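Q: I'm new to this one and would like a tour. Show me the picture first, please.

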Amino acid sequence: MYAQGLIGSSQDTEETPEFLAAFQARIDADEKIEPKDPMPAAYRKTLIRQIGQHAHSEIVGMLPEGNWITRAPTLRRKAALLAKVQDEGGHGLYLYSAAETLGISRDQMTEELLSGKAKYSSIFNYPTLTWADIGAIGWLVDGAAIMNQVPLCRCSYGPYARAMIRVCKEESFHQRQGYEIMLTLSRGSDEQKEMAQDALNRWWWPSLMMFGPSDGDSQHSDQSTRWKIKRFTNDALRQKFVDATVPQGEKLGLTFPDPDLKWNDDKGGYDFGEIDWDEFWRVVKGQGRMNVDRIAARRKAWEDGAWVREAAMAHVEKRKTQMAAE
Ligand code: BYC
């Protein structure tokens, strides 16, 4: 089932009740689980699914912003955007490496992405229509990613938790560069302010959807929380994001596209309207505006890169032969 010869590819230990209880006790004691440690097959499978999907999201996430690198309005903006998109490529690589420690190969993960078996974040199936979208993505999408990912730095699986520390530092920079674009536009001409408002209108709801289905409909949350893969539920993180982001939007002088958004003193947070879950599931199932383009772009990159992978492997084989002869 898993790639041969990789760390973590050893057979999972027989899952006796004693083994499962001892494993849960390690989790409850906040010990980190490391690649060579025995772990239940379902724990390994959940991590491969989540880390793989997270890696794919980072890589597919390069596409909507990459679309604006050649059209960034100034050299400073171009350099920052280039660095941000490159960071996302790096995040994808740390995450693919973290998943590989569980015994799956990068090739298998890529095949799962291209066949539609593995998901990537719904947010990247929306188009980037104007420069303001780059501001909105940094502010909202990276803002949502930080809210979701900071708790993952304390995830029970060591390689994932450690990868997330660096990812989160870089995401903070991304969030600020996005907010600064929004600030500049909202203090600019009427037309620029309108662009910022239009971007907020289009990205707000999809950003809330990034946190996943509401708690009652989340299949994996309970078990993932018990295993301390997830530290908060989807709804709890979504609420934290709304509470942190609304005051930032007000500072920009922009309005949120939700008539039900209002502060609730009793709960100490904002109430907000119902998410369009039909839209969410349509996009997750491949019917968003950009799903077909995104997968076509990844397929092309994978096929165009075949010669690089073959050349790298030929080099490894040659070195092995040379070393054996030395
Ligand atoms: N989009 O039981 P649930 C970024 C799926 S990118 C698509 O709650 P779970 C960035 C879910 O996979 C941000 N699918 O699942 C990059 C499951 O289907 P499967 C990426 C979604 O895993 C560039 C089903 O719905 N971040 O940072 O407990 C530029 C039921 O859901 C979505 C991560 O991946 C969605 N939005 O919780 C800027 C973070 N939501 O797998 C920024 C790590 C749910 O059974 N991942 N589904 O077929 C997680 O924290 C969790 O996987 C989720 C979902 C909270 C996303």
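A: First, the naming: helices (H or I, at least four residues) and strands (E, at least two) are DSSP runs, numbered from the N terminus. Residues are numbered from 1 along each chain as its sequence is written, and side-chain values use heavy atoms, with hydrogens and water left out. This is a predicted model, where local features need pLDDT of at least 70 and side-chain atom pairs count only at pLDDT 80 or more, while totals for chains, interfaces and linings use all residues.

Q: Got it. Where is Asp-30 found?

A: Asp-30 is in the loop between α1 and α2.

Q: Buried or exposed, or partly exposed, for Asp-30?

A: Asp-30 is partly exposed, because its relative accessible area is 48%. The cut-offs are under 20% for buried, over 50% for exposed and partly exposed in between, with a 1.4 Å probe and protein chains only.

Q: What about phi of Asp-30?

A: Phi of Asp-30 is near 60 degrees, a positive value in a residue other than glycine. Most residues other than glycine have a negative phi.

Q: Which other residue has a positive phi, near 55 degrees?

A: That's Lys-228, also a residue other than glycine. Lys-228 sits in the loop between α9 and α10. With a relative accessible area of 17%, Lys-228 is buried.

Q: Back to Asp-30. Which residue forms a salt bridge with it?

A: Arg-231 does, and the closest N and O atoms of the pair are 3.4 Å apart. This pair links distant parts of the chain, since Arg-231 is in the loop between α9 (221-226) and α10 (234-252), Asp-30 is in the loop between α1 (17-28) and α2 (41-60), and 201 residues separate them. Arg-231 is partly exposed too, at a relative accessible area of 22%. A salt bridge here is a side-chain nitrogen of Lys or Arg within 4 Å of a carboxyl oxygen of Asp or Glu.

Q: How many salt bridges does the count come to?

A: The count is 18 salt bridges.

Q: Which side chain meets Glu-34 in a salt bridge?

A: The side chain of Arg-162, with 2.8 Å from N to O. Here too the pair links distant parts of the chain: Arg-162 belongs to helix α7 (residues 158-186), Glu-34 to the loop between α1 and α2, and the two are 128 residues apart. Arg-162 counts as partly exposed at 47% relative accessibility, and Glu-34 counts as partly exposed at 24%.

Q: And which side chain meets Glu-112?

A: Lys-117 is the partner, in a salt bridge of 3.4 Å, N to O. Glu-112 is partly exposed, with a relative accessible area of 23%, whereas Lys-117 is exposed, at 60%.

Q: Which side chain has a polar atom 3.3 Å from the backbone nitrogen of Lys-117?

A: That would be the side chain of Ser-115. Polar contacts are pairs of N or O atoms within 3.5 Å; within protein, one must be able to donate a hydrogen and the other to accept it, and residues adjacent in sequence count only if both atoms are side-chain atoms. Ser-115 is in helix α5 (residues 106-115) and counts as exposed, at 55% relative accessibility. From C-alpha to C-alpha, Ser-115 is 19 Å from Gly-92 in space, and the two are 23 residues apart in sequence.

Q: New topic, the ligand. How many residues surround it?

A: 33 residues surround the ligand, and the closest are Lys-119, Ser-218, His-220, Lys-230 and Asn-234.

Q: Which side chain has an N or O atom 2.6 Å from an oxygen atom of the ligand?

A: The side chain of His-220. An oxygen atom of the ligand also lies 2.9 Å from a polar backbone atom of Gln-219, and a nitrogen atom of the ligand is 3.4 Å from a polar backbone atom of Met-209.

Q: Which elements give two or more residues to the shell?

A: Those are α2, α6 (131-149), α7 and α11 (277-287). The most come from α2, which gives six residues.

Q: Last one: which side chain joins Gln-239 in a polar contact?

A: Lys-267, at 3.2 Å, side chain to side chain. Gln-239 lies in helix α10. Apart from neighbours within four places in sequence, Gln-239 is in contact (heavy atoms within 4.5 Å) with Lys-267, Gly-269, Tyr-270 and Phe-272.

Conventions. Near = heavy atom within 4 Å.
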